[in-house]
Amino acid sequence: MSDETAMLREPWVDFSRQREAGKFGIWVFLASETLFFGALMLTYSVCRIEHPAAFAAAGRETNIWYGTINTAVLLTSSLTIAVAAQGAESYARLRRLVIACLVVTALLGLAFIVIKGFEYKEDMDKHLVPGAGFALPERAAQLFFGFYWLVTSVHAIHLSIGIALVGRLVWVLLRRELPVTENPEIEVTALYWHLVDIVWIFLYPLIYLPGRSS
Amino acid sequence: MSEPDKSGLTVRRLWTRNLVIWAALMALLLLSLVSAYIPMGRITTASGIVIAIAKSMLVVLLFMELASARPLIRLAAMAGLVFLAAMFALTLSDILARL
């Protein structure tokens, strides 16, 4: 009961209502994020339908190993944060497990950013930035890489926010400012993290897989 | 005495459940990687998208626990998808008709 009082925030009078509202709020936010990334992916789809050959040639230029390893890294981070969120919901007092899983999640997120950095370096060395001196002869390949740079950087910003949120959770939980059991902030942060993972799940076939079979 | 046993059991159940989902996600990732190299024309492109949808369904329904969420939460999640579907359907019906 004292745990619940510590976590109760204005304007709620009741902790279970606060949890429900927080969960509802993050899902509404995630729905808006779906539309935001969906609009970008629709733009990609239209360009690809109009220039299939150029998109295949551009897709072949991306580094499939960086892309695949990063997908595996993010999927694994979704596993650890799911365990953290479900562990926090159980009454078995799994404080150490929850905090450890959150730490691993943040580290996997950082690993993704570092791998992405190496990939960006390689892309720049291969002159895959649209504009003067672009590597590929197909003009529409620049549309592909315009999408690539825009959407991967927006995704990286989302992931960085996620790492900051998870890092903050670890900090307040370690200092015992907030309890672990039934803490709604863990659940809400986990839901946001999963959405960032889902966005990448869709970016993977759009960016790395075109043109591999031809 | 029974407390550590109980939490041990919970921990094992937690990991078993989620590791199975994770293994399925990894298998699907491998499948999409392999199928991208098999020349099947449009089916190759479609397989990448279909596998991505399958992976996201696993994450949304099981990791994000939408399968066991209350109707209000499911409605909020569906709202985004409905508007997304409208956006794709209206745009692509124009683009594809003009090819």
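Trainee: Which domains does the domain assignment of chain B give?

Mentor: Domain 1 (1-68) and domain 2 (69-99), with bounds that come from an automatic or database assignment. Their C-alpha centres lie 24 Å apart. Before we go on: this is a predicted model, where local features need pLDDT of at least 70 and side-chain atom pairs count only at 80 or more, while totals for chains, interfaces and linings use all residues. Residues are numbered from 1 along each chain as its sequence is written, and chains are lettered from A in the order in which they are written.

Trainee: What makes A:Ala190 a contact of A:Ile81?

Mentor: Two residues are in contact if their C-beta atoms, placed from the backbone, lie within 7 Å. A:Ala190 meets that with A:Ile81, and also with A:Ala82, A:Ala84 and A:Ala85, leaving aside neighbours within four places in sequence.

Trainee: How many residues does each chain bring to the contact between them?

Mentor: Chain B gives 40 and chain A gives 42. On chain B's side, helix 1 (2-35), helix 2 (42-63) and helix 3 (71-97) each supply at least two residues; helices here are DSSP runs of H or I, at least four residues, numbered from the N terminus.

Trainee: What is residues 44-63 of chain B called in UniProt, and how much of it is helix?

Mentor: The unreviewed entry annotates that stretch as "transmembrane region", though annotations may be inferred rather than shown by experiment. In the model it is 100% helix and 0% strand, so by the DSSP definition the whole stretch counts as helix.
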